[in-house]
Structure formats: structure tokens, C-alpha cells
Amino acid sequence: VLKNLNQKPLLQWMIERVQRCEEVDKIVIATSTSNDDDAISEWCNNHNIHCYRGKLDNVLARFYHAATYYQADIIIRLTADCPIIDPKVIDEHIRFYRQNNYDNVSNGPEMTYPDGMGVEVFSYLTLQKVFQQATLASEKEHVTAFIYNHPKEFQLYNVKYQQDFSWIRVTVDYPEDFTLIERLVNGLLPNSEFTLEDIINYVKKHPNMININNQYS
């Protein structure tokens with residue numbers, strides 16, 4: 001997440017986009033206490049970004065304690081491998097959550113948005129219930145796995161995009177992903193506030209781009 005894209009780390013790209021959200025009050029980076037993540041904590045401190053450090057393997061506990069520390073009432077879970085997430089997509093999910101009576105609103109597990117636009121919205125009380133009841137290692141490693149493992153206990157809503165674009169991969173887990181993001185961003189600049197629609201339209205005009213990282217899913 002600290003790899004530079006145009007002299008700016010991917011984490012900064014993501015934070016600057018999330019800062020444009022109208023419905024987000026506070027951004028907190030929830031990283032681990034591992035020495036490997038010291039650089040993330042230092043970067044956050046140098047850029048006045050809230051950073052909470054918790055257990056490396058128990059990400060659920062890390063989220064719960066971070067939410068408790070910052071007195072969150074609604075939590076928007078974003079993953080830092082999504083550096084060009086669209087703030088409008090985040091806001092739309094939050095508004096839908098607030099206007100309806102669901103425990104969890106997300107655009108997964110059945111994805112129709114491009115991979116790299118993942119958003120989950122849930123309450124502190126829901127997170128607390130998950131933290132208290134989750135027992136499996138996989139449920140502690142993945143914050144909301146317990147929710148999906150117990151669908152009868154939670155009211156879930158899977159937000160669908162107007163068309164299935166899940167075949168577009170704009171998340172960064174592999175070197176090929178970074179190559180695609182780099183080409184995409186440089187193709188869309190100087191418009192640094194490009195939207196999901198801008199991304200989709202650019203990929204449509206340059207369909208061969210997908211070959212860069214389509215071996216991953």
C-alpha cells in the first residue's frame with residue numbers, strides 16, 4: 001500500500017478519494033502491531049491520518065477495538081488494496097444503509113461492481129455481536145465472515161450495479177494489478193477525481209488492458 005504511483009503511495013491515493021465522501025466523518029487506518037506495518041503507522045502520523053494498531057491475524061478484533069476507541073456508530077469497511085475506489089459508490093452505500101433496516105449492506109459477496117470497489121456498511125452493534133460470537137479462525141481473519149456464515153441471524157442486502165462489471169479488476173494484490181492501475185490512472189489524468197463510470201468507459205475503449213491481470217480473480 002506504500003508503493004508509489006506517480007510519486008504518491010497507493011494508500012494516499014485511496015485516502016484522498018475517501019476524503020471526498022460526503023457521508024464519511026472519520027477515516028481510520030486499522031493496521032497491525034507487526035514491525036512490518038511500522039511504515040504504515042509512521043506514514044499516517046506524518047500525514048495526520050488516524051491509525052489504530054491491533055492484532056495481525058485477528059482482524060475482527062482489530063476492527064472492533066478500533067471502532068470502540070473512536071466511538072463509531074456506523075462502520076464503513078474498505079480494504080486498502082482498492083486505491084481508486086469511487087467516493088460516490090461509498091456514499092451511495094451509506095445512504096442506502098441509513099434509509100433502510102439492514103444489518104449489513106455491501107456490494108458482495110455477489111459482485112457486479114468492478115473488483116476494487118468493495119464497500120461494506122454495518123453498525124457498531126452488529127460488529128460487537130460478531131466479535132462476541134465469532135469462533136472460527138477464518139471469521140477472525142475476515143471481519144464480516146461470521147455474518148455471511150449466519151445469514152439467518154442478520155438482515156443482509158447485496159447492492160447490485162446496473163450491469164455486471166465484476167470482470168474489471170482494479171484492486172492491487174499482484175504486480176500485474178499495479179501495472180494495470182498505473183496505466184489506467186495515467187490514462188485518466190489530469191482528472192484525478194475520475195469516477196467509476198470514467199474507469200469503465202476507459203477500459204471499454206482499451207479492452208486489451210484487461211489482459212494485464214485477468215489471470216487473477
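A disulfide is defined here as a pair of cysteine sulfur atoms within 2.5 Å. The model is predicted, so that local features require pLDDT of at least 70 and side-chain atom pairs count only at pLDDT 80 or more, while totals for chains, interfaces and linings use all residues. Residues are numbered from 1 along each chain as its sequence is written, and side-chain values use heavy atoms, with hydrogens and water left out.

By this criterion the structure holds zero disulfides. For Cys 51, the closest cysteine sulfur is that of Cys 44, at 4.3 Å, which is too far for a bond. For Cys 21, the closest cysteine sulfur belongs to Cys 82 and lies 13 Å away, again too far for a bond.

The chain contains nine helices and six strands, taken as DSSP runs (H or I, at least four residues, for helices; E, at least two, for strands). The C-alpha trace spans about 45 × 40 × 35 Å along its principal axes. The radius of gyration, taken over C-alpha atoms, is 17 Å, in agreement with the value near 17 Å for a compact globule of 217 residues; the globule rule is 2.2 Å times the number of residues to the power 0.38.

Of the 217 residues, 48% count as buried. Among contacts (heavy atoms within 4.5 Å) with a separation of 6 or more, 66% are between residues 24 or more positions apart.

Technical notes: Buried means under 20% relative accessible area, exposed over 50%, partly exposed in between (1.4 Å probe, protein chains only).
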